[in-house]
Amino acid sequence: MTLAPETTDLKVQLRLDTDWFTICDLTALAPGRGVAALLPDGSQVALFRDRNGTLYAIDNRDPFSGAAVLSRGLTGTHQDRPFVASPLLKQRFDLISGRCLDDESVRVATYEVRAR
Amino acid sequence: MTSNPRVVPTIVLVGHGMVGQRFLEALAERGLTATHRVVVLCEEPRPAYDRVQLTSYFSGRTPEELSLTDAAFITDHGIELYVGDPAETIDRATKTVTARSGLTVEYDTLVLATGSYPFVPPVPGKDSDGCFVYRTIEDLLAIEAYAGSRATTGAVVGGGLLGLEAAGALKGLGLATHIVEFAPRLMPVQVDEGGGAALLRTIEDMGLTVHTGTGTQEILAGADGAVTGMKLSDGSELATDIVVFSAGVRPRDQLARDCGLTVGERGGITVDDRCRTVADPHVFAIGECALASDGRVYGLVAPGYEQAETAAAAIAADESDQPTFTGADLSTKLKLLGVDVASFGDAHGTAEDCLDVVYSDARAGLYKKLVIARDGTLLGGILIGDADAYGTLRAFTGSVPPVAPESLVLPAGAGESVQLGPSALPDEAIVCSCHNVSKGTIRGAVTDHSCATVPEVKKCTKAGTGCGSCVKVLGQLVTAELEASGVEVDKGLCGCFTQTREELYEIVLALRINSYQDLLDRYGREGARGGDGCEVCKPTVASVIASLAPTIGASGYVLDGEQASLQDSNDHFLANLQKNGSYSVVPRIPGGEITPEKLIVIGEVARDFGLYTKITGGQRIDLFGARVEQLPLIWARLVDAGFESGHAYGKALRTVKSCVGQTWCRYGVQDSVRMAIDLELRYRGLRSPHKLKSAVSGCARECAEAQSKDFGVIATASGWNLYVGGNGGATPRHADLLAQDLSDAELVRLIDRFLMFYIRTADRLERTSVWLERLPGGLDHVRDVVVEDSLGICEELESLMAAHVANYADEWATTINDPEKLGRFVSFVNAPDTPDPVVGFVPERDQIKPDLPLLTIGHRPLEGSAQR
Ligand code: SRM
Ligand SMILES: Cc1cc2nc3c(=O)[nH]c(=O)nc-3n(C[C@H](O)[C@H](O)[C@H](O)COP(=O)(O)OP(=O)(O)OC[C@H]3O[C@@H](n4cnc5c(N)ncnc54)[C@H](O)[C@@H]3O)c2cc1C
Ligand code: SF4
Ligand code: FES
């Protein structure tokens, strides 16, 4: 999933079942911040890019408030794993596993994502 | 219906209140949940919750947050919990309990933890609509619902501990509140006459009306059956819409009476010192329903917890560990209506020959009394208004403290006062009386179990997890122990930096570092370098960079380059995120002054975009319900009409409120509006460790409430007085007078220095009030630095502020003129024209409010979190 940050013209793609669904240009993702995208079934995904260029995708819905806002949270690294903190009540979610770091019983869906 | 045949011995618990839950935890700790079937009958519609903290509902705690039971605990231990299904009969011959639903369970051991019920005196009219008791979450919700529809005034019958709690609830609902107490003082059980007087004064100062030495004779109701008032024993009538009875509690022992268990003359199920009922060795009673072997019923949670432990140990029949319950200490520390009240040990001085040491300052609402034996042994005491010393004093009770007792009750700064740290306590001293944890055990948690933080020690020892009154002492002990064992206490900002915010500020300023990544990679902790930082240090460094921008060569625009990725979510969208994902918009209205034309523009914008409109507490107007893609369109209109960002989203200057002042007001002595506008325009956009608020009043009547602000200005005949460190909010603080009779120029210069000194030295999210109290030397030190220039830094502080003022630009105007930045204001990167479908609104009072049911769309039950 890592790629050279300079590469242009790359598209961000998300795996839905067996197909890759194209979302946007890679340049639309600023390192350290997220964006939200709409999926064909009406659900929403939050996409992030870290400073090394790695991409992550999780469900955009914050399970604690119900609002579709995870893409607007602050990201960071905790014990070498990337996370996003919900902008509403600040619970953190692991971007790889979707697990909530502040409440073991909660988890959000994750997606496979690539740039090409 | 009889539930599953028994294969293992069964324990049935009746009542899932605070003590019942503690009992279940004690069973689990002793492994009894693995060897027994455990069945719980819970009458209330929800599992155990923190009754002690009931009133915190009015400061924003939800019923869910009050819960004491997590679903995993119940499932992991295989406990069968029947919520909303009370026990109705007990048959001791067949050893069965039958619940309301018809469920019948056979028990080997039965534990009654049914608590108590509020006593309602038999006064005429007590059943009218609008009469309540206050014990459960359901009571609280019912009072709230009733008050919301019709009430402006409420009265509490009873001025004891629970009466004051109930009064706090009525006050929390915004009602004019009365307390009617039969005894000649408030809290007659816990405090003496002097304490009662201090309490009375403080409570009256809060705007509550107290009637002591007065009985309630009748509740008066209107034709519709709803309360209209009450008749008092002095012949007067009190008009009120709500009456809450809080005249004591009675043990809930009916179930026990019905099945022939022995109960005391004045109620309570009679038990022995193992909490076993005297009538039946298979039945136990614990908590407020039990009459202990010392002949008392305990109405506090700590003794109940001790009984829960005792009963669990007796059931485990663990010979090596057989605690008994033969009575308990009635020490309590409470925050009632925001006033600290504590009593411990022999508070009323009943021991023979004992002496009192009293410090009292009625003006400050302080009353402190220690009861001392002839030989100097501390026997007990009462603390009203300031109970900081409670944790230490309670632990010293029964021994001779190492310093003179009077020095323990004098207020800080009164010469002789001594802060007796917990290091002076002996190892056997009980620090946490809820869970009976000694100082030695806490030290052991740090040294032998390598707990390095208060949460770890809490988990390890349970100390601090009851009423919470010992947590302060706990924190001091943990730090002292860590320092003693040579561990360096980590004062770092977060997991990424070992430095404090103040140290990072100095690094950024001295080395002119204007990139977060640069700072992290050079000065971050070993493992954090090269990483992505975290949600704590990113906005903190963003704020430091923003407040120093012109000086360190960074862009003054917070959405420029790397800075955009560091900002808190609200700053990133230059608006305030609301619960459903929409935003609110607050244009700046300097000093609260606005022309009719501008008011009309705000009205038109709100109307055209369908926004909910409200006047804020900061003398300006908030427009709610904007979708993210509407923000630039709204701001294009506002900027066009001459508005700027109000920074309601930023840790930055918010508002400078004003009163109308000399121009119109007959009392005004200076032009407070002009000064407020000047100050607001000077400091707008200034990023700081926390938000900054200010106000200017035109005379000493103080209509602008300047003394509750971070910096407040009050006009005098010859100039301005400057106050600093004030705060509203959860922990209000009156501002301190920094300097008097200043000219306009002197005032501005001092504020420049004060603000820049604060920005330089405060911790993240530390308001000026907290900062001022934390700084060694406090106000005097700040005065030395900013008035006397004792550190020789004033010139630098002033030039930093001058650079900020010269470089200010409105960030919304910059944003709407930058097409690249505007691209960010969409709900979906791949469907810029589609709005977020879960942001919706429904009508209320001719405006809109968030459509919350929409937020449940896409909700999936999560594994492991199901509640039975
Ligand atoms: C809108 C407003 C309420 C209103 O409708 O009147 C408001 C709304 C919020 N306040 Fe406030 N406060 C508002 C005036 C106040 C005041 C009164 C005042 O400023 O004169 C106070 C007490 C004064 C003070 O701050 O000392 C106040 C004390 C707080 C506090 C407690 C601060 C403290 O030090 O204890 C918080 C929580 C915090 O900052 O951590 C808070 C936090 C908030 C937040 C940011 C909560 C949040 O995170 O969502 C709310 C965001 C508003 C939004 O989304 O637009 N608000 N808040 C007021 C906006 C004033 C303005 O024009 O900017
Ligand atoms: C507003 C308020 C503030 C308080 N503040 C403090 C404080 O600061 N410090 C302090 O120490 N104490 C305080 N208390 C007292 C404290 O809450 C009690 O001492 C404690 O809750 C007692 O615990 P318990 O389990 O014995 O009773 P409870 O917590 O009352 O629990 C008993 C439970 O049993 C249930 N029950 C009754 N009969 C049946 C049945 N037949 N079948 C099934 N279930 C049944 C009841 O519905 C209830 O849920 C306060 C109380 C209130 C109301
Ligand atoms: S503070 Fe003084 S000048 Fe200002 S409105 Fe009040 S009374 Fe008038
Ligand atoms: S004394 Fe109550 S929690 Fe420690």
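Author: Here is a friendly walk through the terms, one by one. This is a predicted model, in which local features need pLDDT of at least 70, side-chain atom pairs count only at pLDDT 80 or more, and totals for chains, interfaces and linings use all residues. Residues are numbered from 1 along each chain as its sequence is written, chains are lettered from A and ligands numbered from 1 in the order in which they are written, and side-chain values use heavy atoms, with hydrogens and water left out.

Reader: What makes a stretch count as a helix or a strand, and how many does chain A have?

Author: Both are DSSP runs numbered from the N terminus: a helix is H or I with at least four residues, and a strand is E with at least two. By that rule chain A has zero helices and ten strands, and its pattern along the sequence is β-β-β-β-β-β-β-β-β-β. Chain B has 28 helices and 38 strands.

Reader: Why is Ser688(B) called buried?

Author: Buried means under 20% relative accessible area, exposed means over 50%, and partly exposed lies in between (1.4 Å probe, protein chains only). Ser688(B) has a relative accessible area of 0%, so Ser688(B) is buried. You will find Ser688(B) in the loop between helix H22 (672-683) and strand E33 (692-697) of chain B.

Reader: How many residues of each chain count as buried?

Author: In chain A, 55% of the 116 residues count as buried. In chain B, the figure is 52% of 868 residues.

Reader: Which residues does Ser688(B) touch, and what makes that a contact?

Author: Contact means heavy atoms within 4.5 Å. Not counting residues up to four places away in sequence, Ser688(B) touches Ser543(B), Lys651(B), Ala652(B), Tyr758(B) and Ile759(B). As for Thr540(B), its C-alpha atom is 9.2 Å from that of Ser688(B), and the two residues are 148 residues apart along the chain.

Reader: What makes the pair Glu80(B) and Tyr82(B) a polar contact?

Author: A polar contact is a pair of N or O atoms within 3.5 Å; within protein, one must be able to donate a hydrogen and the other to accept it, and residues adjacent in sequence count only if both atoms are side-chain atoms. The side chains of Glu80(B) and Tyr82(B) make such a contact at 3.2 Å. Glu80(B) belongs to strand E3 (residues 80-83) of chain B, and with 15% relative accessibility it counts as buried. The side chain of Ser688(B), for its part, reaches the backbone oxygen of His690(B) at 2.6 Å.

Reader: How do you know whether Gln499(B) is buried or exposed?

Author: Its relative accessibility is 12%, so Gln499(B) counts as buried. Gln499(B) sits in the loop between H14 and helix H15 (501-511) of chain B. The side chain of Gln499(B) reaches the backbone oxygen of Tyr523(B) at 3.1 Å.

Reader: Why are H12(B) and H14(B) called oblique?

Author: Two packed helices are described by the angle between their axes and the distance between the axes. Axes are lines fitted to C-alpha atoms, for helices over the stretch in contact, and angles run from 0 to 180 degrees between N-to-C directions. Angles under 35 degrees count as roughly parallel, over 145 as roughly antiparallel, 65 to 115 as roughly perpendicular, and the rest as oblique. Helix H12 (residues 439-447) and helix H14 (residues 471-484), both of chain B, pack at about 50°, with axes 10 Å apart. H12(B) and H14(B) are therefore oblique to each other.

Reader: What is the angle between H23(B) and H25(B), and why are they called oblique?

Author: Helix H23 (residues 744-761) and helix H25 (residues 778-786) of chain B pack at about 120°, with their axes 10 Å apart. That angle makes H23(B) oblique to H25(B). In their contact, Leu750(B), Arg753(B), Phe754(B) and Phe757(B) of H23(B) meet His781(B), Val782(B), Val785(B) and Val786(B) of H25(B).
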